[in-house]
Amino acid sequence: MDIVFASAQEAEPQAWIEALRDALPGARIRLWGDGQPEGHADFAVVWAPPADLFVREPRLRALFNLGAGVDALLCLPGLPDDLPLVRLEDGGMAVQMAEYTLYHLLHESRDFGRYERQQAEVLWRPLDDIDRAAWTVGVLGAGAMGARVAQACAALEYPTAVWSRSGRAVPGAESYGGEAGLVAFLARTRVLVNVLPLTDATRGILCRRTFEQLRPDALVINIARGGHLVESDLLAALDSGRLRAAALDVFEREPLPPAHPFWSDARIRVTPHVAGASLMDRTVRQIADKIQALNRGEVISGVVDRNRQY
Ligand code: OXD
């Protein structure tokens with residue numbers, strides 16, 4: 001079995017190659033472009049792979065993505081229609097996304113920013129007790145990531161709901177589905193967390209129309225894709241006071257350009273696409289198990305439905 005590893009993001013791809021070799025003894029694992037003979041790979045493990053991958057590796061049986069979101073893969077020129085794409089189901093990302101969300105939720109709901117300012121002024125002044133009922137959390141996306149995020153918020157007794165196309169239930173959270181459900185979901189939400197896949201149907205979902213339907217003084221947390229957010233609508237909603245703050249981990253252009261207004265806006269907290277990193281051990285174990293299952297002729301989970309785009 002021949003596997004090629006091609007990730008534009010990894011500074012140290014060798015560590016991934018070693019981990020894959022440990023998990024799949026007997027397989028020939030090589031780094032894309034390392035000068036070894038090409039054209040024999042059965043599987044590719046990728047993140048933002050080169051455009052000529054499919055020309056140079058025409059025998060691929062499946063393409064494993066090193067992340068959950070496959071939006072970039074689906075746009076790759078030359079992607080064969082019948083090549084199975086496998087997304088990472090949870091390579092340790094869900095718990096990190098829950099942490100990320102809680103950090104920003106707690107920062108706002110407990111007004112920790114105010115305490116930081118008070119400390120700078122050497123001021124001992126307790127603020128009002130937290131009113132949890134006023135901090136309704138709504139998570140867009142009810143898959144592995146959305147469920148974990150929602151459950152973390154619900155565990156701290158924030159009234160929590162999830163929305164998905166299908167209305168999938170998440171224990172501990174209220175579930176909403178479809179277009180009609182979205183209206184009711186937004187109307188009850190003050191803290192909107194986006195973990196949806198980026199598809200034709202979800203592009204631009206974080207827009208003026210959505211912001212206007214939220215409860216007043218809302219917080220928006222985007223940990224999915226920059227393409228979900230209409231940036232000018234976010235700035236307008238912050239200016240009008242419709243939104244109180246935003247925490248953004250993902251952007252239409254990454255790295256976020258130095259002159260971008262988000263960098264210097266005190267109402268926006270920016271992080272460099274780190275809300276849910278794929279952890280090497282868990283990711284490699286998951287991919288290796290699936291490759292072995294495919295070799296045994298079994299059906300695996302996480303295969304992308306090209307029509308749904310996730
Ligand atoms: C992912 C990501 O898709 O990290 O998993 O963005």
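**Close-up 1. Strands S7 and S8 in the predicted model.** Strand S7, which spans residues 160–164, pairs with S8 in the parallel sense over 4 bridges, where pairing requires that DSSP finds at least two bridges between two strands. Helices and strands are DSSP runs numbered from the N terminus, with at least four residues of H or I for a helix and at least two of E for a strand. Within this pair, Ala161 stands opposite Glu174 of S8. The model is a predicted one, in which local features need pLDDT of at least 70 and side-chain atom pairs count only at pLDDT 80 or more, whereas totals for chains, interfaces and linings use all residues. Residues are numbered from 1 along each chain as its sequence is written, and side-chain values use heavy atoms, with hydrogens and water left out.

Close-up 2. S7 and S8 belong to an open sheet of 7 strands with parallel pairing, ordered S8-S7-S6-S9-S10-S11-S12. Its edge strands, each pairing on one side only, are S8 (174–177) and S12 (268–270). Direction ignored, neighbouring strands of this sheet are turned against each other by 15° on average. Helix H6 (residues 144–155) lies across S6 (137–140), S7 and S9 (191–194), and runs at about 165° to S7; axes are lines fitted to C-alpha atoms, for helices over the stretch in contact, and angles run from 0 to 180 degrees between N-to-C directions. Helix H9 (residues 231–239) also packs on the sheet, touching S11 (243–248) and S12, and its direction makes about 145° with that of S11. Contact here means heavy atoms within 4.5 Å.

Close-up 3. S4 (residues 62–65) pairs with S5 over 2 bridges in the parallel sense, and Leu63 stands opposite Leu85 in S5.

Close-up 4. The domain assignment gives domain 1 as 2–91 + 278–295 and domain 2 as 93–270, with bounds that come from an automatic or database assignment. Taken over C-alpha atoms, the centres of the two domains are separated by 32 Å, and 11 residues of domain 1 are in contact with 7 residues of domain 2. About 670 Å² is buried between them, 52% of it from carbon and sulfur atoms; buried area is the accessible area (1.4 Å probe) that two parts lose on being put together, summed over both. Across this interface the rule finds 1 salt bridge, defined as a side-chain nitrogen of Lys or Arg within 4 Å of a carboxyl oxygen of Asp or Glu.

**Close-up 5. Backbone features in two loops.** Most residues other than glycine have a negative phi, and most peptide bonds are trans. Ala48, in the loop between S3 and helix H2 (53–56), has a positive phi of about 45° although it is not a glycine. Glu254 and Pro255 are joined by a cis peptide bond with omega of about -5°, and Pro255 has its place in the loop between S11 and S12.
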